Amino acid sequence: MQLNELTLRNFRNYQEQTFAFDPGVNLIVGDNAQGKTNLLEAISFLGSGRSFRAQKTGEMIRFGAEFAELQGAVFSQQRQQSLRWLLFSGSRPRQMFRNGVKKKSAGELSGVLSTVLFCPEDLMVLKNGAAARRRLGDQALCQLRPNYDAALTEYNRILEQKNRILKDHFENPAVLEILPEYNARLCRVGAILISYRARFYDSLGKSAAIFHGQFSGGAEEFRLEYHTVSTVADPFAPVSQVEQALQDHLQAHFAAELESGQCLTGPHKDDFEVLLSGVNLKAFGSQGQTRTAAISLKLAQRELQRRESGEEPVLLLDDVLSELDPGRQDFVLNQIAAGQVFITCCEPGRFTKLGKTIPIRGGTIDACGDFPKDGSFHHTQE
């Protein structure tokens, strides 16, 4: 799987720019705030329809423009394919095309361009709040399972509507008459999310344990534990049983939700933790252990996507290598010998020429960019 060409129009700080990429490593270099991360965001969005940065579509449209366009030529599933997105300011819905044919949902583009993103924030995701870990899992699952993407979108929509009812009931108690209907729908869709997550985290943890064992020389035992609503005794149980457990938990929290004016329970509160030799990493892990575990999780995500599709997903490394010590740099690079990789950095002098260098300045390819081709950073082979 590889992205051969990408054209951006009015996307972030790119007015109009076409890129041709190497099938191996693409080193994207330039100063801060020139568009390096914007380029990785565009690549990630092209395949998934989701941004790892923007909360709203309008944030991705160049200031003053009415629309943005992303168009990519991809080789995947043993053939040449094209992906195209049109994003509009205001309330006009986005448009998406696969091989020139307009599609109704991002799920219909699934599998054409799978990506795994790794950024500096991910290095400490196991120390941060639960929202960051849920986002990590959701981003991976939305690419692996289009039905999960649809269910997550539906759940968030119902949750927003329920919270509005709980806030409005203080001034208009009559709105509580429709609350049972929203609770039922929330539990039904929430049970689907939990079922998907339980299986995903089980596979992710087992795969990450292998990478972590290689990384640490077998010195630590890696285990991932998924935590959801307390009444869900077995998240692997039939969806109907999980749904009933969610309903029981909601009923127990009914009075508290009315008092607080917000939904207090459900899979939107899910989390996972990592244990190293039985010790909670978040509470007691060192910075080095945390980074090693985070790298193992990302490599495991890439492995799961490769197993699912039979193709190596595109790996996006956003300035993450500069955050690692030489040993961890080498470990990561030894794991990316296969497949297409995009690496952003501000200091090209620290890197050898791993593949194709793309200098970026002010949202354009800097044709005059003159970057050293050698440095202290080199690609080792196991």
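L299 touches F211, F331 and Q335, not counting residues up to four places away in sequence (contact means heavy atoms within 4.5 Å). The structure is a predicted model, in which local features need pLDDT of at least 70 and side-chain atom pairs count only at pLDDT 80 or more, whereas totals for chains, interfaces and linings use all residues. Residues are numbered from 1 along each chain as its sequence is written, and side-chain values use heavy atoms, with hydrogens and water left out.

L299 is placed in helix α8; helices (H or I, at least four residues) and strands (E, at least two) are DSSP runs, numbered from the N terminus. With a relative accessible area of 9%, L299 is buried (buried means under 20% relative accessible area, exposed over 50%, partly exposed in between, with a 1.4 Å probe and protein chains only). L299 lies 181 residues from F118 in sequence, and the two are 9.4 Å apart in space, C-alpha to C-alpha.

Helix α8 was examined against α4. The axes of α4 and α8 come within 7 Å and cross at roughly 120°; axes are lines fitted to C-alpha atoms, for helices over the stretch in contact, and angles run from 0 to 180 degrees between N-to-C directions. The two helices, α4 and α8, are therefore oblique to each other (angles under 35 degrees count as roughly parallel, over 145 as roughly antiparallel, 65 to 115 as roughly perpendicular and the rest as oblique). The crossing of α4 and α8 is right-handed; a crossing is left-handed if the near helix is turned anticlockwise from the far one by less than a right angle, and right-handed if clockwise. On the α4 side the contact is made by F200, S203, L204, S207, A208, F211, H212 and F215. On the α8 side the residues are T292, A293, I295, S296, L297, L299, A300, Q301, E303, L304 and R307. By class, the contact of α4 with α8 has eleven nonpolar, six polar and two charged residues (Ala, Val, Leu, Ile, Met, Phe, Trp, Tyr, Cys and Pro count as nonpolar, Asp, Glu, Lys and Arg as charged, and the others, Gly among them, as polar).

Helix α8 (residues 287-309) also packs with helix α2 (residues 130-144), their axes coming within 10 Å and crossing at roughly 10°. Helices α2 and α8 are therefore roughly parallel to each other, and their crossing is right-handed. In this pair, L136, A140, Q143 and L144 of α2 meet K298, Q301, L304, Q305 and E308 of α8. The residues of the α2 contact with α8 comprise four nonpolar, three polar and two charged.

Helix α4 packs with helix α9 (residues 326-335) at an angle of about 135°, with the axes 11 Å apart. Helices α4 and α9 are therefore oblique to each other, and α4 passes α9 in a right-handed crossing. F211, Q214 and F215 of α4 and R328, F331 and Q335 of α9 make the contact. Three nonpolar, two polar and one charged residue form the contact of α4 with α9.

The cysteines were considered next. A search of the whole structure finds zero disulfides (a disulfide is a pair of cysteine sulfur atoms within 2.5 Å). C263 is in no disulfide, the nearest cysteine sulfur, that of C187, being 8.6 Å away. C263 counts as buried at 5% relative accessibility, and C119 is buried with a relative accessible area of 10%.

Several loop residues were also examined. S277, although not a glycine, has a positive phi of about 55°. S277 is placed in the loop between β10 (271-276) and β11 (279-280) and is partly exposed, with a relative accessible area of 45%. G278 lies in the loop between β10 and β11 and is exposed, with a relative accessible area of 51%. The C-alpha atoms of G278 and E220 are separated by 9.2 Å, the residues being 58 apart along the chain.

D319 has a positive phi of about 55° although it is not a glycine. The loop between β12 (314-318) and α9 holds D319, which is partly exposed at a relative accessible area of 23%. I178 is found in the loop between α3 (146-168) and α4 (179-216) and is partly exposed, with a relative accessible area of 40%. I178 and R302 are 124 residues apart in sequence and 43 Å apart in space, C-alpha to C-alpha.
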